[in-house]
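Please read this briefing alongside the sequence and the structure shown below. The points are grouped by topic, so that each can be checked in the viewer in turn.

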Amino acid sequence: MRSWLTFGNLALLVLAVVLGIALYWVIYVFLAASPYEAAGIGINSRLPEPVRRFSCRILNERHPHMWPPLGCETFWGDAPPPPALPPQ
């Protein structure tokens, strides 16, 4: 009986996982309604600096009046801070 867990199948599985994560990151950067999605922040904050700089620039252009998500603090533009909460 031949096992399904061969080197080729394992390589395809790893490739599928990597492509799935990359696709999710692209959707987060270009289509997400909010820059504060936990999975997108988790992926983005672990990417190399040039890729993170690019994605943070795109996110900043799409959401200019929001605080930067984690990982984008140093790459966020000069967006004004959100308005202060009224005193209670």
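In this predicted model, E61 counts as exposed because its relative accessibility is 52%, and exposed here means over 50%. Its side chain meets that of R57 in a salt bridge, with a nitrogen-to-oxygen distance of 3.3 Å. R57, in turn, is partly exposed, with a relative accessible area of 42%.

**Salt bridges**

- The count of salt bridges comes to two, and one of them is the pairing of E61 with R57.
- E61 and R57 are four residues apart in helix α3, which means that about one helical turn separates them.
- The side chains of R53 and E49 also meet in a salt bridge, where the distance from N to O is 2.2 Å.
- Both R53 and E49 belong to helix α3, which covers residues 49–62, and they lie four residues apart, about one turn of the helix.
- R53 counts as partly exposed because its relative accessibility is 45%, a value that falls between the 20% limit for buried and the 50% limit for exposed.
- E49 likewise counts as partly exposed, in its case at 33% relative accessibility.

**The overall fold**

- The secondary structure of the protein consists of three helices and zero strands, so that the elements, read from the N terminus on, run α-α-α.

**Surface and burial**

- The protein has 88 residues, of which 24% count as buried, and buried stands for a relative accessible area under 20%.
- The accessible surface of the protein comes to about 6500 Å², and carbon and sulfur atoms hold 72% of that surface.

Definitions and conventions:
Residues numbered from 1 in each chain as written. Predicted model: local features only at pLDDT ≥ 70, side-chain atom pairs only at ≥ 80, totals over all residues. Heavy atoms only, no water. Salt bridge = Lys/Arg side-chain N within 4 Å of Asp/Glu carboxyl O. Helix = DSSP H or I, 4+ residues; strand = E, 2+ residues; numbered from the N terminus. Buried < 20%, exposed > 50% of the residue type's maximum accessible area, 1.4 Å probe, protein only. Areas by Shrake-Rupley, 256 points an atom, 1.4 Å probe, with all protein chains shown as cover.
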